[in-house]
Amino acid sequence: MSVKIYNTITRTKELLKPIEPGHVKLYVCGITSYDYCHIGHARSALAFDMIVRYLRYRGYKVTYIRNFTDIDDKIIKRAAEQNTTTEELANRFIDEFYVDMDKLGVERPDMEPKATEHIQEMIDLISELIAKNMAYPAGGDVYYSVNSFPGYGKLSGRNLEDMQAGARISVNENKANPMDFVLWKASKTGEPSWESPWGPGRPGWHIECSAMSRKYLGDTFDIHGGGQDLIFPHHENELAQSEGANDKPFVNMWIHHGFVTIRDEKMSKSLGNFLTIRDILEHYHPEVLRFFIFSTQYRNPLDFSEAAMQDAMTGLDRLYQCVAAVERLVENCSDSAAPVASGNDRKKLDSMEERFQKAMDNDFNTALAQGILFETVKILNKILRQLPEIPARVDHDLLISTTATMKKLASIMGLLQEDANEYLAAKKAAMLADINISEEEIQNLIQERNQAREAKDWASSDAIRDRLLEQGIELKDGPEGTGWTVKRS
RNA sequence: GGCGGCGUAGCCAAGCGGCUAAGGCACUGGUCUGCAAAACCAUGAUUCAGCGGUUCAAAUCCGCUCGCCGCCUCCA
């Protein structure tokens, strides 16, 4: 096993070596639940879904934890606006999150702890930090003293002087150092609060991940993940809290994925340029979104556009069409017929899984992995085209087994999960629903056209075809009659 | 201002010092077809933002310049 992963803290690709051999412990920062999720959240969930699936495929046991932040300023604010409790609001959007994740086929992590259910663990952790003089209460709040932790800045590659020089942090008279961050926040009247040694309040954002990861994965674990925007301050602060309290390394590897952008700008709530997952799924099959997201390696920015989604859909269709064509093969084959697959083709197909692994072992290079799938499809199509009426058994078996392997590998990205014929039929039906013509009308016109064709009345025949094309229906004359597909405008 | 990333064919995107610079989409020519479509075959970067350096060898390493993006405030 030789999975290499880019580690943010060392800025190099490193071999994955789980602390407990064969068992990877992974903690990922989940959502703050106060609104519907956008494509950026989808990328995060899908990236780690893929990583977990791949590691399991590679034989690792994986313990995957992803938290919910269900108490914070934004939730309080939004709940007040909607005249509801933070609990109701947070739970409502957790439910909505699951609706989206289920549609996307994202597997559930092994555990999904909520911040509000771990207040005691956070209070304990804060108390330890205070006892070690690494944190101090002030005015009902508790702050972490960044000066007490010499390694502060090592994850994000900053140092305290630089940070203070460009600080855009509002002055807070309770803080000893402007870079100190809050561990416990005194609650204002009407805000949700929990009892603590420092008075009623609620936890700061960073402490929850330190407390929950320690509870479920221990002081030191293998991988901590999240979006690149979490590197600073969130992960830097977690690291300071955990290593400060535990006096042990916090995590061995940090994985940070890139953003989804729109017109090359980060998609975010604050910029207002975001599209929700459900917006997208209204128009596209979930696997199209997955295909799109995995068409770029997870660390690189990914620019969303309709054109890119169209490309993704075309590409996914190509994969499904190939699978459907292989599945249409009948059992009837011959032991004596000469095989059409060349030695080179066979070699290429036989090495598919190995090449796929090599791509994925190299920091989960899904873009390359997709390329390998397409190379495979090309060869499969070539063989299919050359196949005689009664194919040689070796060819038949090669096609069937390669397709099975291809589906298995694609499943790591959550692709090709549907029955190919059903996928294509469903797509056709969905697209048909978008245009103003019924299947019956199409069939009638095809019949009319075929009569014209038989009479070699090409003018009428073409007129019908053009008319259908204008309405978005593309005809295909094949040996088994005339088929049709819906063409997207 | 500090820190980090990116710039590869019309578009998207691999490539991490050395075989012909993957793959997808689009385009063009061919096979097939009455003509098309689909599929297959073929074609496209003497070149990897620019300049300079290291090396027997660089898209890949180093330096500088230009352009874009992100973090430094909540953010996946």
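User: How many bridges join strand S6 to strand S7?
Analyst: In this predicted model, strand S6 covers residues 141–144 and strand S7 covers residues 181–186, and the two run antiparallel. Within this pairing, Val142 has Trp184 of S7 as its bridge partner. The number of bridges that join S6 to S7 is three.

User: Which residue in S8 is the bridge partner of Lys185?
Analyst: Strand S7 is also joined to strand S8, residues 201–203, by three bridges, and these strands run antiparallel. In S8, the bridge partner of Lys185 is Arg202.

User: In what order do the three strands S11, S12 and S13 form their open sheet?
Analyst: Two bridges join strand S11, residues 260–262, to S12, and these two strands run antiparallel, with Ile262 having Glu265 in S12 as its bridge partner. Strand S12 (265–266) and strand S13 (302–304) are the edge strands, each pairing on one side only. The pairing in this open sheet is mixed, and the order of its strands is S12-S11-S13.

User: Into which domains is chain A divided, and what are their bounds?
Analyst: Chain A has 17 helices and 15 strands, and its C-alpha trace spans about 95 × 50 × 35 Å along the principal axes. As for the spacing of the domains, the C-alpha centres of domain 2 and domain 3 lie 31 Å apart. The division of chain A is into domain 1 (4–281), domain 2 (306–420) and domain 3 (434–486).

User: How many residues does the largest nonpolar core have?
Analyst: Of the 489 residues of chain A, 50% count as buried. The residues with the most contacts inside the largest nonpolar core include Leu16, Leu55, Phe304 and Phe364, and this core draws at least three residues from each of domain 1 (4–281) and domain 2 (306–420). A second, separate core of 41 residues includes Ala115, Trp184, Met212 and Leu239. For the largest nonpolar core, the number of residues is 87.

User: With which residues is Leu55 in contact, leaving aside its neighbours within four places in sequence?
Analyst: Leu55 is among the residues with the most contacts inside the largest nonpolar core. In chain A as a whole, residues 24 or more positions apart account for 77% of the contacts with a separation of 6 or more. Leaving aside its neighbours within four places in sequence, Leu55 is in contact with Val3, Leu16, Val24, Tyr60, Val62 and Phe364.

User: Which element gives the most residues to the surface near RNA strand B?
Analyst: Several elements each supply at least two residues of this surface, including helix H1 (39–57), strand S9 (221–227), helix H13 (366–386) and helix H17 (458–470). Of the 57 residues around RNA strand B, those that come nearest are Lys74, Trp205, Gly227, Met267 and Arg465. With nine residues, the element that gives the most to the surface near RNA strand B is H13.

User: How far is a base nitrogen of RNA strand B from a polar backbone atom of Met267?
Analyst: Of the atoms of RNA strand B within 4 Å of the protein, 58% belong to sugar or phosphate and the rest to bases. On the phosphate side, a polar side-chain atom of Asn381 lies 3.1 Å from a phosphate oxygen, while a polar side-chain atom of Ser461 lies 3.4 Å from a base oxygen. Between a base nitrogen of RNA strand B and a polar backbone atom of Met267, the distance is 2.2 Å.

Terms used: Residues numbered from 1 in each chain as written. Chains lettered and ligands numbered in written order. Predicted model: local features only at pLDDT ≥ 70, side-chain atom pairs only at ≥ 80, totals over all residues. Heavy atoms only, no water. Pairing = 2+ DSSP bridges. Helix = DSSP H or I, 4+ residues; strand = E, 2+ residues; numbered from the N terminus. Core = buried A, V, L, I, M, F, W, Y, C linked by side-chain atoms within 4.5 Å. Buried < 20%, exposed > 50% of the residue type's maximum accessible area, 1.4 Å probe, protein only. Domains from an automatic or database assignment. Contact = heavy atoms within 4.5 Å. Near = heavy atom within 4 Å. Polar contact = N/O pair within 3.5 Å; in protein donor to acceptor, adjacent residues only side chain to side chain.
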